[in-house]
Amino acid sequence: MTASRALRRLPLRIAAACTVVVCLFPVYWMVTTAFKPSRDIQSENPRLLPQSWTLDHFRRAVDADGFGLFWRNSVLVTLAAVVLALLVALGASFAVARMRWRGRRQFMLLVFVAQMAPWESLIIPVYIIARDTDMLDRLPTLTLVYFMMTLPFTIVVLRGFIATIPPELEESAQVDGCTRAGAFRHVAFPLLAPGLMATSLFGYITAWNEFAYANFLIIKQQDHRTLPVWLSSFHNTFGTDWGATMAASTLFALPALVIFLLLQRQVTSGFAAGAVKG
């Protein structure tokens, strides 16, 4: 019985392994290329395993003009957008999950529509609004755009997560003398940690990796650009410096990878809980 069950699951395991290889191979190639000498990168016979290793590409990436400045810009914009989205979404999701008010279903429908809308199609309207309101070339403009991009998903996940917390816990706290806000803060809010981790990680990755809006809204003030735009700057008279580009891309992806590894359990449980009920 055990052997037959394992045999039936074999195609699924093979499909899962192939999916993992296909998804991770570009990342593996990026990282290994960052450590390869330039002569191996331009070789006509590329190898899966580098014959020799070098850190010269990382030195050129770190020493490139604007690395520290654009890193700071990306961190400021990303953290501001994530924190703002969490604060607004927490209040909105609590109102939808715990309160009964007219228009609640229509509000969630609009949230889902906003989540499904392709943000690339809104670049021109956003650019026109920013231009007419004198908001071009400013980091707060990018913060607001990233806030709007991450807010619908944050509301949806937190709403589902709050719905899984029994309201009787908050009612018991209210019986003991807490206000409604106090009961939520002291009882329900500590249980929201996995959901907050999951949504904050999604918001971080969305804002950290975004390129199109950062490229279109920051035009004249080059010092206000972010790391994704900076990654496209590794060109010289002989073409693209692929080694430095891959090294910079590795450094760019490293923070998201580290954060995900640290919050992996909370993120997994947060996504699962947010999708169960609501």
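Analyst: Helices (H or I, at least four residues) and strands (E, at least two) are DSSP runs, numbered from the N terminus. This is a predicted model: local features need pLDDT of at least 70, side-chain atom pairs count only at pLDDT 80 or more, and totals for chains, interfaces and linings use all residues. Residues are numbered from 1 along each chain as its sequence is written, and side-chain values use heavy atoms, without hydrogens or water.

Start with the whole. The protein holds 14 helices and 2 strands. Its C-alpha trace spans about 70 × 70 × 35 Å along the principal axes. Of its 278 residues, 40% are buried (buried is under 20% relative accessible area, exposed over 50%, partly exposed in between; 1.4 Å probe, protein chains only). The accessible surface comes to about 16,500 Å², and carbon and sulfur atoms own 67% of that. Those areas come from the Shrake-Rupley method with a 1.4 Å probe; for residues, only the protein chains shown count as cover.

Now the charges. Lys and Arg count as positive, Asp and Glu as negative; His and the chain ends are left out. Each charge is placed at NZ of Lys, CZ of Arg, CG of Asp or CD of Glu. On that basis there are 24 positive and 16 negative charges, and their mean positions lie 13 Å apart.

How many salt bridges does the structure hold? It holds 3 (a side-chain nitrogen of Lys or Arg within 4 Å of a carboxyl oxygen of Asp or Glu). Side chains of opposite charge can pair when their charged atoms come close.

Take helix α3 (residues 56-63). Asp56 and Arg59 both sit in it, 3 residues apart, or about one turn of the helix. Their side chains form a salt bridge at 2.7 Å, N to O. Asp56 has a relative accessible area of 39%, so it is partly exposed. Arg59 is partly exposed too, because its value is 47%.

The next pair is Arg131 and Asp132. Their salt bridge runs 3.2 Å, N to O. Arg131 is partly exposed at 46%. Asp132 reaches 53%, so it counts as exposed.

Asp134 brings us to the loop between α6 (123-132) and α7. It pairs with Arg138, with the closest N and O atoms 3.6 Å apart. Arg138 is partly exposed, because its relative accessibility is 38%. Asp134 is exposed at 53%. Its backbone deserves a check as well. Most residues other than glycine have a negative phi. Asp134 has a positive phi, near 55°.

Asp137 lies in the loop between α6 and α7 as well. Its phi is positive too, about 60°, although it is not a glycine. Is Asp137 buried or exposed? It is buried, because its relative accessible area is 13%.

Follow the chain into helix α7 (residues 139-163), which holds Thr143. Thr143 is buried, with a value of 13%. Leaving out residues up to four places away in sequence, Thr143 touches Val77, Ala80 and Ala81 (contact means heavy atoms within 4.5 Å). Residues 24 or more positions apart make up 72% of the protein's contacts with a separation of 6 or more.

Arg5, Arg8, Arg9 and Arg13 form a positive surface patch. Patch members have over 30% relative accessible area and no salt bridge; like charges are joined within 9 Å, nonpolar side chains (Val, Leu, Ile, Met, Phe, Trp, Tyr) within 5 Å. Arg13 sits in helix α1 (residues 2-35). It counts as exposed, because its relative accessibility is 52%.

For contrast, look at a nonpolar patch. Leu254, Leu257, Val258, Phe260, Leu261 and Leu262 cover about 560 Å². Leu257 is in helix α13 and is partly exposed at 45%. Ile259 is also in helix α13 (residues 242-262). At 29%, Ile259 counts as partly exposed. Beyond its neighbours within four places in sequence, Ile259 contacts Leu201 and Tyr204. Val75 is 184 residues from Ile259 in sequence, and their C-alpha atoms are 13 Å apart.
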